[in-house]
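Subject: Structure handover

Hello,

Here is the structure I promised to pass on. Please open it first, then read my notes below.

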Amino acid sequence: MAAQASFIGQKNKKEQVYTDPWHMMNEAPRTPSFFTGSEVIKEAVRRASCDIMVAYPITPQSEAAALCGELFAEGYIGDYFRGESEFAVMSQCAGAAFGGARVFTTTAGPGTMRAMENFPMWAGARLPIQMIVTCRGINSPLSIQPDTLEISYLMQTGMLVWHAETAQDFYDWILKGYMVSEEPDVHLPLALCCDGFFVTHTKDMVDLTPVDMCLPPYDPYRSPVPCMDMECPPVRMMRDPFVMKSNYISYATHASWQQEVWAAVERSRKHTIRWMDGLIDADDTDADVMVVASGTAVSQSREAIAMLEEEGIHVGLVKVKTLRPWPGEEIREATKHAKHIIVPEFNVIGWLAREVSATVPNNERIHAGPHVCGGMTMPPEIIAAEIKTVLGVKAPSLAGRGG
Amino acid sequence: MSKERIKIAEELFDIMPVEYQDLVKRATYGNGQRGWKDIGNAKELIEEHSLCAGCPESMAFRYILASLPNPEDTVMVGSTGCTSLVFPHVAVHNIHSLFGNQNAVASGLKRALTVRFPDRHKDVVVLAGDGATVDIGLDMTLQAWFRQEKFTTICFDNELYANTGGQESGLMQKGFVAKMAPVGKTFEKVRLPEIARESGCHYVVNCTVSKPNLIEKVIKNAVHVAREIGPTYLQLYTPCILEIGKNSMEGLQEMRDSEKPTERFAYKEYVSEPAKELLAELAAKEKERKAEAKKQLAGQSA
């Protein structure tokens with residue numbers, strides 16, 4: 001087996017220095033820059049030492065996927081091409097990851113759904129692919145607008161699922177994401193989600209790490225399963241293919257491997273806590289009312305909380321950063337004093353509220369909503385109104401707003 | 001040479017499975033002259049298989065694995081079906097992921113290996129059934145060819161879905177009565193070899209696996225052309241004796257009957273101009289090597 005020496009301190013062909021990731025992310029100077037979310041994805045990938053990126057156009061991730069093509073043309077990515085559909089793209093990503101490459105891709109909405117068969121396979125094959133999901137509607141009639149319904153499907157695949165609130169989250173988490181998902185005791189794919197348009201198409205100040213620093217390359221020989229490159233012994237994998245057998249050993253093998261995949265999700269906790277400073281951010285956990293939210297619903301909640309504060313209503317906030325692993329213990333602790341837990345979401349079914357309901361005691365405290373979907377925005381006023389309704393405070397009629 | 005990669009530490013040799021010890025001692029990794037004649041003399045790269053007795057697919061597997069020019073640097077990609085029951089027994093790295101996505105997986109794999117090993121040849125060979133290649137995976141089969149991905153696609157054509165119990169497939173003959181074709185298949189066998197040529201494959205062969213020396217030749221050609229020039233496609237008739245109502249010992253005859261000049265598996269070949277040049281070059285080198293060997297042999301005996 002080809003042993004890989006440390007690359008730290010060496011330069012890549014673009015003269016970037018392979019840098020200790022902890023130093024690069026936490027200690028190196030940052031430069032404030034005014035970028036769209038799509039441009040931020042490009043800047044993170046520029047520093048991620050990716051071997052392969054596979055692209056496919058679908059709104060609202062097309063710009064980011066095309067910008068990564070520019071990175072390839074500039075020499076920052078080993079290879080890049082446009083696949084023929086999301087199903088094919090995710091299989092191409094799988095092939096590249098099986099072959100020992102660090103792989104990056106992006107998708108959205110119907111693309112996520114079309115590719116879905118691949119995701120449990122990625123997890124089961126322990127491929128640490130990173131996939132950006134810029135969420136959009138998946139319903140009929142056709143919609144290209146923001147809506148986070150697709151995340152609820154990704155949460156059952158065995159992938160790590162993180163939900164970024166801002167472009168800054170995005171930038172940091174793309175780079176930190178590889179560090180977590182490539183750990184030998186994790187080695188799982190990561191779906192790094194954001195709310196399409198709100199994050200991808202708006203400009204924001206983002207503090208970037210130095211452009212001449214990049215992550216060390218991926219070492220496929222740290223994988224818990226063999227890399228398919230014929231550089232290590234081609235052992236016969238099993239005496240009888242388990243798919244053929246209807247017996248206890250076969251079932252037990254499949255069952256234990258599924259359990260192992262989910263155990264690996266759990267093992268990612270310690271790495272994620274270290275890199276992301278916890279799976280949640282919690283403010284004012286002594287408040288009677290807590291909002292629990294993820295993605296841009298966090299930003300809107302923050303605005304609503306500031307509005308209510310002016311009226312003398314004190315509300316706390318839990319920002320859920322990772323959905324898989326699920327921060328159950330953290331959310332229980334942060335909401336233990338709360339009499340009311342408000343869960344605003346950008347989707348019709350309220351998957352986050354369901355998860356929270358299954359997590360906290362006395363879950364009659366949970367108020368699932370407000371829900372917006374199909375591309376609607378979530379004005380802070382409707383969150384504030386929901387909270388006032390819960391508290392029995394008279395709220396002005398929203399329908400009359402501006403009237 | 002690659003035997004280094006599979007060598008066992010001396011202290012641990014005796015506790016390794018016998019078949020693995022055999023691989024180290026008697027397999028043909030790294031032997032440039034390996035071929036079907038090694039079967040029976042050397043350790044094969046396929047252990048047992050769990051296919052039906054007399055299944056022509058098992059013959060095809062053995063010939064192909066004996067003929068890969070560079071197994072120590074070859075990665076295979078399979079799909080769901082009878083082939084996926086055999087791959088776990090194969091001593092080259094191989095990937096099964098989903099049904100029908102084999103050419104997409106191979107595209108990513110080949111590019112990854114090219115990025116990671118820019119100075120070495122890493123061959124990628126896809127081996128899947130006709131359902132995977134022509135029906136559920138046709139999009140990805142063709143798109144890989146359009147993009148000129150440099151790997152070989154082998155289709156085991158048994159003209160139906162064998163592993164699920166004999167349902168109609170696109171490569172089934174018109175009129176054949178099967179599950180899901182209760183009144184007989186209503187449209188013609190898909191002409192994938194012609195489509196492969198039009199889609200940019202540089203080497204296309206349609207034949208049966210009745211002749212091991214022929215399989216050795218086309219496998220070597222297909223892998224070399226894919227390595228140097230672009231996509232190649234082999235469509236090999238491996239009849240499902242079970243589903244066409246034959247007995248275990250009748251597979252070979254079925255293939256011989258189907259490769260007669262007027263039949264659908266009469267040998268057909270397409271070679272692009274650049275592929276012709278490459279194959280001529282390789283043939284010239286081989287001739288030279290043989291002449292040299294002969295000279296040396298004569299020198300020794302003199």
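In chain A, strand E12 (residues 289-293) and strand E13 (residues 315-320) run parallel, joined by 5 bridges. Within this pair, Val292(A) stands opposite Val318(A) of E13(A). Please keep in mind that this is a predicted model.

Both strands belong to an open sheet of 5 strands in chain A. The order is E11-E13-E12-E15-E16, and the pairing is mixed. Strand E11 (280-283) and strand E16 (366-371) of chain A are the edges, each pairing on one side only. From one strand to the next, the twist averages 20°.

Two helices of chain A pack on this sheet. Helix H10 (residues 296-310) touches E12, E13 and strand E15 (340-345) of chain A. The direction of H10 makes about 170° with that of E13(A). Helix H13 (residues 380-391) touches E12, E13, E15 and E16 of chain A. The direction of H13 makes about 150° with that of E16(A).

The peptide bond between Gly369(A) and Pro370(A) is cis, with omega about 5°. Another cis bond runs from Thr59(A) to Pro60(A), where omega is near 5°. Pro60(A) sits in the loop between strand E3 (52-55) and helix H3 (62-74) of chain A. Why flag these? Most peptide bonds are trans.

Next, the domains. Chain A is divided into domain 1 (17-222) and domain 2 (280-400). Their centres, taken over C-alpha atoms, are 28 Å apart. Where the two meet, 21 residues of domain 1 of chain A are in contact with 20 residues of domain 2 of chain A. On the domain 1 side, helix H7 (149-154), strand E7 (160-163) and strand E8 (190-195) of chain A give two or more residues each. E7(A) gives the most, with 4 residues. By class, that side has 11 nonpolar, 7 polar and 3 charged residues.

Is Ile132(A) buried or exposed? Ile132(A) has 29 other C-beta atoms within 10 Å, and 20 or more are enough to count as buried, so Ile132(A) is buried. Ile132(A) has its place in strand E6 (residues 130-135) of chain A. Beyond its neighbours within four places in sequence, Ile132(A) is in contact with Ile41(A), Gln61(A), Ala64(A), Thr106(A) and Leu192(A). Thr107(A) is 25 residues away along the chain, yet the C-alpha atoms of Ile132(A) and Thr107(A) are separated by 6.2 Å.

Most residues other than glycine have a negative phi. Phe197(A) has a positive phi, near 65°. Phe197(A) is in the loop between E8 and strand E9 (203-208) of chain A. Phe197(A) is buried, with 20 other C-beta atoms within 10 Å. Met230(A) also has a positive phi, about 60°. Met230(A) is in the loop between strand E10 (213-214) and helix H9 (248-276) of chain A. Met230(A) is buried too, with 25 other C-beta atoms within 10 Å.

Now chain B. Chain B has 11 helices and 7 strands. The radius of gyration of chain B is 20 Å, close to the 19 Å that the globule rule gives for 302 residues, so chain B is as compact as a globular protein of that length. The C-alpha atoms of chain B fill a box of roughly 70 × 50 × 45 Å along the principal axes. Of the 302 residues of chain B, 51% count as buried.

One of the buried residues is Val90(B), with 24 other C-beta atoms within 10 Å. Val90(B) is in the loop between H4 and strand E2 (94-95) of chain B. Leaving out residues up to four places away in sequence, Val90(B) touches Leu45(B), Ile46(B) and Leu65(B).

How do the chains meet? The contact takes 37 residues from chain B and 38 residues from chain A. Several elements of chain B each supply at least two residues to its side, including helix H2 (18-26), helix H5 (102-116) and helix H7 (138-146). H5(B) has the largest share, 11 residues. That side of chain B divides into 17 nonpolar, 10 polar and 10 charged residues.

Best wishes

Technical notes: Residues are numbered from 1 along each chain as its sequence is written. Chains are lettered from A and ligands numbered from 1 in the order in which they are written. This is a predicted model: local features need pLDDT of at least 70, side-chain atom pairs count only at pLDDT 80 or more; totals for chains, interfaces and linings use all residues. Two residues are in contact if their C-beta atoms, placed from the backbone, lie within 7 Å. Ala, Val, Leu, Ile, Met, Phe, Trp, Tyr, Cys and Pro count as nonpolar, Asp, Glu, Lys and Arg as charged, and the others, Gly among them, as polar. Domain bounds come from an automatic or database domain assignment. A residue is buried if 20 or more other C-beta atoms lie within 10 Å of its own, exposed if 12 or fewer, and partly exposed in between; C-beta atoms are placed from the backbone. Two strands pair if DSSP finds at least two bridges between them. Axes are lines fitted to C-alpha atoms, for helices over the stretch in contact, and angles run from 0 to 180 degrees between N-to-C directions. The radius of gyration is taken over C-alpha atoms; the globule rule is 2.2 Å times the number of residues to the power 0.38.
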